[in-house]
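Here is a short tour for a modelling-minded reader. Have a look at the chain below, and then we can walk through a few of its features together.

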Amino acid sequence: PALAPMMRHRWWLLVLAGLAILQLALTAVGWGGWQCPIRVVFGVPCPGCGLSKAMALFIQGNWHAAIYTHAFGPVIFAAVMMLATATLMPRRMLANLSLRVAALERRTGFVAILVLVMFIYWGLRLCGVFGSITWF
C-alpha cells in the first residue's frame, strides 16, 4: 500500500492536503503556484503538468476545459478532498479508514494502476493524441 501508510499520520495528511490546496488556490487566482521542477530542469512536461489548472477549472464548473487540460484533474481533486476531509476525522475513524484503504490497495492495486494509466496518458499527450500539452 502507498496511500494508507500516509493516512495513519495526521500530520502527513495536513502537509499533503495543505500543499495541494495552496497550489490549487494559487492557480485559481492566477498566481500560477509552483513551477514543475521536471519541466524547468529537463524542458519536458511531467505526467502531472496541467493538473492544478485542470482542478481550478473543475472547481469553477468548466468541466469540459478541465478534462481537456488534464483528464486526471477531477480524480486528483477528489483524492485531495478525501485527504483534506480525513485530517478532520477523529483518530479512531481515521485509523479505520486507513485500514480500509490499505485493504482496498492490496486487493485492487488501484494506486499502481492509476500511476500506470497516468503515465500512458502522459505519453499520449506528448504525442498529441489527447488534449494539448504546452512546451516551453
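## The largest pocket

Lining the largest pocket are 47 residues, and those nearest its centre are Gly-48, Leu-51, Ser-52, Met-55 and Ile-76. A pocket here is an open set of points on a 1 Å grid over the protein atoms alone, where a 1.4 Å probe fits and protein lies on both sides within 12 Å along at least five of seven lines; lining residues have an atom within 4 Å of a point. The volume comes to about 1,500 Å³, taken as the space filled by probe spheres set on the points.

This is a predicted model, in which local features need pLDDT of at least 70 and side-chain atom pairs count only at pLDDT 80 or more, while totals for chains, interfaces and linings use all residues. Residues are numbered from 1 along each chain as its sequence is written, and side-chain values use heavy atoms, with hydrogens and water left out.

## Who lines it

The lining divides into 33 nonpolar, 11 polar and 3 charged residues. Asp, Glu, Lys and Arg count as charged, Ala, Val, Leu, Ile, Met, Phe, Trp, Tyr, Cys and Pro as nonpolar, and the others, Gly among them, as polar. At least two lining residues come from each of several helices, including H1 (3–7), H4 (51–59) and H7 (91–108); helices are DSSP runs (H or I, at least four residues), numbered from the N terminus.

## His-70

His-70 sits in the loop between helix H5 (63–69) and H6. Is it buried or exposed? His-70 is buried, because its relative accessibility is 0% (buried means under 20% relative accessible area, exposed over 50%, partly exposed in between, with a 1.4 Å probe and protein chains only). Its C-alpha atom is 8.2 Å from that of Gly-48, 22 residues away along the chain.

## Trp-12

Trp-12 belongs to helix H2 (residues 10–28) and counts as partly exposed because its relative accessibility is 34%. Between the C-alpha atoms of Trp-12 and Ala-102 there are 16 Å in space, with 90 residues separating the two in sequence.
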